[in-house]
Amino acid sequence: MNYNFRFEILLRYQAEILQGVLLTLQLSVLTMVFGLVIGLGVAIAAGSPSKWLSVPARFYVETIRNTPLLVQLFIVFFGLPSLGVRLSADLAAVIALSINMGAYGAEILRAGFESVRRSQIEAGRSLGLTAAQTFRHVVLFQATKAIYPALASQFVLIMLATCVVSSIGVTELFHQAAFIDSRTYRSFEAYTLITLSYLILTLAFRALFSFIYWAVFVRRPAR
Amino acid sequence: MIREFAGADVVYLLLAARWTVALALVAMLGGGLLGLVIAALRIVPFKPANWLAILYINLIQGTPLLGQLFIFFFGLPLIGIQVDAWTAAAISLSIYAAAFFGEIWRGALQSVSIRQWEAGASLGLTYGQRLFYVVLPQALRVAVAPTVGFLVQLIKNTSLTALIGFVELTRAGQIISGATFAPLRVYLVVAVVYFVICFSLSQMSRRLERKLHVAR
């Protein structure tokens with residue numbers, strides 16, 4: 001093997017990498033927020049007794065979960081302009097990612113609500129709490145505790161998945177690998193460095209989420 | 001020269017879908033074999049082996065598959081192995097799948113109660129007999145549904161190989177879309193083909209889960 005690895009020349013691109021990290025984090029947070037809003041609506045619709053609500057909601061969840069994100073992204077970015085909807089790459093990325101997250105969010109939220117036992121709600125009501133009080137003091141805490149681990153790992157999955165939007169030209173972290181590659185012709189070094197940057201982000205967020213879980217749910221706050 | 005999106009293009013997409021399925025099958029086999037090794041390393045009573053498996057799983061599950069694909073695509077030639085997109089895709093997806101299979105199967109093995117091992121030992125069975133006649137049959141019941149469920153992820157993730165130029169279903173869609181300028185129709189057909197494959201697997205996974213969990 002006579003290839004000289006030159007990782008040091010990548011140090012020149014710190015500003016680009018930092019900018020990429022920030023955009024990746026913005027995309028991930030926006031996706032999480034919009035995805036959960038969509039997911040909440042879909043979870044409620046899917047559990048509704050009305051077929052007009054539940055059938056479309058289930059259709060949405062199944063369609064999204066059984067097709068690749070990349071194809072969903074291409075439909076939004078390349079497909080919608082032929083219907084007259086022209087989106088910037090950034091906007092198309094947020095829309096496609098949020099629609100994708102909505103389906104997974106709906107499944108996570110549904111599981112969370114189902115995890116709170118019926119008897120807990122009945123116990124709350126029999127203690128004289130109103131329905132709203134029961135939801136706030138009994139259901140919400142338990143449901144949040146139940147879905148928290150799934151939401152935390154979903155956030156990391158989204159962060160890793162956002163790199164596909166580099167293919168439509170969004171200048172997030174993964175796109176910076178192609179940029180550095182185009183300037184230095186150091187493909188292997190550039191992609192290795194960027195891929196390992198994701199590992200650092202993943203480990204940092206996992207640690208942060210475990211700390212939050214411990215602080216909020218394990219070390220029960222005195223009331 | 002722009003032409004219409006016609007029936008022949010749908011046939012082309014369906015033929016390209018064979019490569020999507022072939023890639024997923026190769027990754028299933030390669031990843032399955034390596035995944036067995038990972039699961040074994042993860043449960044043997046020897047700490048360094050456990051750490052090695054945990055390191056592997058974190059490295060693969062903590063980085064984007066797209067990054068892994070590019071590293072193999074550009075990295076293997078550096079150590080003197082000339083690869084085409086197919087080889088890089090097959091290797092990288094196998095390594096990716098192994099991390100997930102390893103975890104699924106470890107969970108399945110550990111779901112069998114330690115008392116089952118003890119019961120086997122008290123009946124005078126050897127370690128091998130306990131593993132093959134007592135533990136594995138029970139672990140397999142637990143493992144089947146999530147394994148089939150992961151195949152859905154695998155099929156969907158083969159779409160990323162389009163970005164290193166491997167001509168499977170998604171890349172074929174890009175090519176047809178470029179030739180016909182009908183991206184919406186092309187990508188909708190592509191999505192339908194993925195849906196048919198993945199939805200059948202999802203349903204199979206759900207049926208298996210119901211069927212295999214009834215007796216527990």
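Helices here are DSSP runs of H or I at least four residues long, and strands are runs of E of at least two. On that reading, chain A of this predicted model has eight helices and zero strands. Going along the sequence, the pattern is simply α-α-α-α-α-α-α-α.

Taken along the principal axes, the C-alpha atoms of chain A fill a box of roughly 75 × 50 × 30 Å. Of the 223 residues in chain A, 37% count as buried.

The C-alpha trace of chain B spans about 75 × 45 × 25 Å along its principal axes. Buried residues account for 42% of the 216 residues in chain B. Among the chain B contacts that link residues at least 6 apart in sequence, 76% bring together residues at least 24 apart.

One helix pair in chain B can be looked at in detail. Two packed helices are described by the angle between their axes and by the distance between those axes. For helix α1 (residues 7-43) and helix α2 (residues 47-61) of chain B, the angle is about 130° and the axes lie 6 Å apart. The crossing of α1(B) past α2(B) is left-handed. On the α1(B) side, the contact is made by B:I38, B:L41 and B:R42, and these meet B:A49, B:N50, B:L52, B:A53, B:Y56 and B:I57 of α2(B). Sorted by class, that contact has seven nonpolar residues, one polar and one charged.

The two chains also touch each other, with 32 residues from chain B and 30 residues from chain A taking part. On the chain B side, the elements giving two or more residues are α3 (65-75), α6 (127-157), α7 (169-180) and α8 (183-213). Helix α8(B) supplies the largest share of that side, with 11 residues. In make-up, the chain B side that touches chain A divides into 21 nonpolar residues, 10 polar and one charged.

Methods. Residues are numbered from 1 along each chain as its sequence is written. Chains are lettered from A and ligands numbered from 1 in the order in which they are written. This is a predicted model: local features need pLDDT of at least 70, side-chain atom pairs count only at pLDDT 80 or more; totals for chains, interfaces and linings use all residues. Two residues are in contact if their C-beta atoms, placed from the backbone, lie within 7 Å. Ala, Val, Leu, Ile, Met, Phe, Trp, Tyr, Cys and Pro count as nonpolar, Asp, Glu, Lys and Arg as charged, and the others, Gly among them, as polar. A residue is buried if 20 or more other C-beta atoms lie within 10 Å of its own, exposed if 12 or fewer, and partly exposed in between; C-beta atoms are placed from the backbone. Axes are lines fitted to C-alpha atoms, for helices over the stretch in contact, and angles run from 0 to 180 degrees between N-to-C directions. A crossing is left-handed if the near helix is turned anticlockwise from the far one by less than a right angle, and right-handed if clockwise.
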